[in-house]
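I opened this notebook to record what I looked up in the structure. The entries follow the order in which I worked.

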4 protein chains.
Amino acid sequence: MTDDYLHTWIGSSTAERITVAGRDLAADVMGSLTLTELAFLLVTHRVPTAGERRIVDAVLVSLADHGITPSSLAARLTYTGAPEAIQGAVAAGLLGAGSVFLGPAGDTAMFLAAALRDAAEAPPEDTAAARAVAESAVSGLLAAGHRVPGLGHPVHRDEDPRTLRLYALAREEGLLGPHLRLLRMVADVHEERTGRHLPINGAGAGGAALADVGFPPSSVRGVVLIARTAGLVAHLVEEAERPIGMPLWLEAERRASAAASDPP
Amino acid sequence: MTDDYLHTWIGSSTAERITVAGRDLAADVMGSLTLTELAFLLVTHRVPTAGERRIVDAVLVSLADHGITPSSLAARLTYTGAPEAIQGAVAAGLLGAGSVFLGPAGDTAMFLAAALRDAAEAPPEDTAAARAVAESAVSGLLAAGHRVPGLGHPVHRDEDPRTLRLYALAREEGLLGPHLRLLRMVADVHEERTGRHLPINGAGAGGAALADVGFPPSSVRGVVLIARTAGLVAHLVEEAERPIGMPLWLEAERRASAAASDPP
Amino acid sequence: MTDDYLHTWIGSSTAERITVAGRDLAADVMGSLTLTELAFLLVTHRVPTAGERRIVDAVLVSLADHGITPSSLAARLTYTGAPEAIQGAVAAGLLGAGSVFLGPAGDTAMFLAAALRDAAEAPPEDTAAARAVAESAVSGLLAAGHRVPGLGHPVHRDEDPRTLRLYALAREEGLLGPHLRLLRMVADVHEERTGRHLPINGAGAGGAALADVGFPPSSVRGVVLIARTAGLVAHLVEEAERPIGMPLWLEAERRASAAASDPP
Amino acid sequence: MTDDYLHTWIGSSTAERITVAGRDLAADVMGSLTLTELAFLLVTHRVPTAGERRIVDAVLVSLADHGITPSSLAARLTYTGAPEAIQGAVAAGLLGAGSVFLGPAGDTAMFLAAALRDAAEAPPEDTAAARAVAESAVSGLLAAGHRVPGLGHPVHRDEDPRTLRLYALAREEGLLGPHLRLLRMVADVHEERTGRHLPINGAGAGGAALADVGFPPSSVRGVVLIARTAGLVAHLVEEAERPIGMPLWLEAERRASAAASDPP
């Protein structure tokens, strides 16, 4: 029955043994790998080096949903109605990680990977060939009227503090690869072409960094959800102690009813 | 405006700076903390020791959804219909982490914490007082016709391999605390009372271990969702390459139609 | 293969024909049944009478999520982040339909049905026997420290306008059955025992009315979600034209950051 | 405060009165409008005629998720893990209503509306002008390598029985409008151009019919989710009585473990 479509490399179990990624879970994973390392292993099929692990963790902690976001508000408001089902509140928060928020990490990785694929080979740093790849990629998007993924942020209009730190860490670990390098060049070309400064945002830099350490670009949009889940869980633990959802609803309801009482 | 209900300790940002848990995200979190450590910090308000971190990671990797589960099947089938919205497929998988699967980790932590609260103080190991706490807790549940959380597993009927390993790791790190100790005693008392051997399952042991290293028991049900997200993302990356959802649907539809064609 | 567990009465299809609830979908359902009637048929296995249909529709329109609620806010905030996946925003809104909001419709139906089951038979209106059922049911809940489901509303403190109308409609259609009658008596008994007036809320009356026209009490919690989906879809169509989610986030973020800038 | 962004036309409430779509909910909606009519009113801002209502109901009952689908399987498997949170199981089922399943109803409505907007005016039936609109629309998609939305079905390869019935009903009610007429022409043009017969599928016909009776094309993708919720709730009521989720998981787990025991 080896040709049954119903099989997976991720894991399996018998009465005595649980196998994850081809390893014995109890003997060879528990106590040996961090959650970040296991995620890396499950998606890329190998264990990360110490440097790769540090970059991945830096990306994940940078995207764990700091502060008040539409996602964390949605999660908290869902908890207000169904505190007994915390998995539903986390799920509600994740559902907002789409094209506008968090999704751009994966979009950036895909965009950069496609541009690199179109070029003959990964461009060495700062050469004319690399520059041509960036120019071609940016031109294509602008001509089609699309935005360049990974650039711009509503709050961090000059520089996104996460981006500078991530480039520094990648350099420090010798892991500043073709995706991060191309993204920097894309930002420069974009500014020259449009006359507008749009900084590389944290989601874009994170997506490029994950691609550089070995995550398939198509996996990035999923991988960053792990980080977001951590942030959402923290919000919900806080919500249980000091609720925002209920007073926010009551304020919104009161203001909306006042507005509605006037003729449209 | 310091008394606005709309505030959070988790994070905030200005144009130049992002703060997470009161720290500068770029300078003091990225490159310094793993995702597991950040989750610990956000929920418990302190950074874990190396030993605590190792235990938390061991719990998380043990619960990351190995193999085919109702959750991973639901996520894969959702991906079949909406591959463009991977956050929806992850959310669908998380929604099955309720009272039957994964939820027992939090239920066990809550049950053990309540029993310890009822006792005058955390029982030292192996004493008559500790034993009395376990007996009282088990009696209360059995009298009410409830199951004891954390015991029993449909596949690992004799021993759950994750449990043995987790107890060994906790002992190794000097972190075998009152919740894990009480859970062991609860399992013994349950077997004496009912004559049935139910092993401590991985979810139950994980919940007890998280409580022992400092997670509020009420936070455990949420915390384990971080691990599950990692497992689900891995399943969806694999699903994109080698689909199970579509052939599973077609087989199920075919079999159901054959069954339905007969009179009821 | 008639004994395959994989079969369903709900529907099946072949290349030429789609069967729903044992009927030909194209010939006997489309153009003949409303969505409400199909939902009734699928859950109760029969087509409702005109009166039953009117009651069910009255319940559903009364619970379709009027105005600003935690559910509709969560759906709108989710749409802000992922406007390309409207199914995710609807799902986020539904996830808040738990123990606090909407869930009480099903809880009330279950509570009333259990009380009626405990009684020897469905009590005829206004007799001592009926009264005894209500007294026993209320006493049981109060003694256990539980709230009585179906009573009380944060906004409609005196009377819930939906309740009065629903009782009037049920009487008009000759469908004022044992659940609605018992609920009225439960509210009276509760007020006598506690000295506090808690009106029958719309969710509770709706749950009782659905049970009276033939929905299994355990199905009510699911059935009311159909109504909520209609309300959420309307909110999201409006959100696409005149957004609340984005300005709400920006206001909340600004207020939270101002609050966070002070020492805790 | 009439200029507060926090307001909605959908509904509001005071202690004595609930307003929905500008009407008194108790007096003018309950007992008067069906759920379908309320959904129509909330989205289009007017009450449908009897004929329009019949068409909308025909579309909704035709899309309520008959039989075993990826959506209904995902909902049932979610229920297996979290039977206490039925809103989560319904949400999981809805999350699969994306680009592959159900989403095409909205895609078809948007595609047809855009083609009609590009033409000078809505084409009268069977004229050369109308034909030119269809040819231009199909050519555009084929040239870009895209599929034509609303055509083709994996099971109903010759004709989708829902489509024929819907066209007949629309003709009967005098509501065969520009979207349905254009879709028919699009299917003809597609067959001539490609030599392949792809029938108009039920989702596509439904989307066109909803646009013809007045739903904004951008609302269609949301509106059909109301129908799907009804189908999913019916599946979950059946699942509670006769489970598919648990045996399906156990069979899948067993088969996957057998497959995994062989070397890769």
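**Entry 1: chain A against chain B**

I began with contacts and found that 81 residues of chain A touch 81 residues of chain B, where contact means heavy atoms within 4.5 Å. I noted at once that this is a predicted model, in which local features need pLDDT of at least 70, side-chain atom pairs count only at pLDDT 80 or more, and totals for chains, interfaces and linings use all residues. Residues are numbered from 1 along each chain as its sequence is written, chains are lettered from A and ligands numbered from 1 in the order in which they are written, and side-chain values use heavy atoms, with hydrogens and water left out.

The size of an interface is often given as the accessible area lost when the parts come together. I therefore looked up buried area, the accessible area (1.4 Å probe) that two parts lose on being put together, summed over both. For chain A and chain B I recorded about 6,600 Å², with 72% from carbon and sulfur atoms. On the chain A side, Tyr5(A), Met30(A) and Leu35(A) lose the most area to chain B, and together they make up 12% of what that side buries.

How many salt bridges cross between chain A and chain B? I found zero by the rule, which asks for a side-chain nitrogen of Lys or Arg within 4 Å of a carboxyl oxygen of Asp or Glu. Polar contacts are another matter: I noted 21 residue pairs between chain A and chain B, both at pLDDT 80 or more. A polar contact is a pair of N or O atoms within 3.5 Å; within protein, one must be able to donate a hydrogen and the other to accept it, and residues adjacent in sequence count only if both atoms are side-chain atoms.

Which helix gives the largest share of the side of chain A that touches chain B? I found helix α11 (residues 217–241) of chain A, with 14 residues. Helices (H or I, at least four residues) and strands (E, at least two) are DSSP runs, numbered from the N terminus. I divided the residues of that side of chain A into 44 nonpolar, 21 polar and 16 charged. Here Ala, Val, Leu, Ile, Met, Phe, Trp, Tyr, Cys and Pro count as nonpolar, Asp, Glu, Lys and Arg as charged, and the others, Gly among them, as polar.

**Entry 2: the relation of chain A to chain B**

I superposed chain A on chain B by a rotation of 180° with 0.0 Å of shift along its axis, at an RMSD of 0.0 Å. That is the relation of a two-fold axis. In chain A, the C-alpha nearest the axis belongs to Ala91(A), 2.3 Å away.

**Entry 3: chain C against chain D**

I then turned to chain C and chain D, where 81 residues of chain C are in contact with 81 of chain D. The two bury about 6,500 Å² between them, 72% of it on carbon and sulfur atoms. In chain C, Tyr5(C), Met30(C) and Leu35(C) lose the most area to chain D, together 11% of what that side buries. Helix α11 (residues 217–241) of chain C gives the most to the side that touches chain D, with 14 residues.

**Entry 4: side-chain pairs**

I counted 60 salt bridges over all chains. One of them joins Glu238(A) and Arg76(A) at 2.7 Å, N to O. The pair links distant parts of the chain, with Glu238(A) in helix α11 and Arg76(A) in helix α4 (residues 70–81) of chain A, 162 residues apart.

How values were computed: Copies are superposed by least squares on the C-alpha atoms of residues with pLDDT of at least 70 in both.
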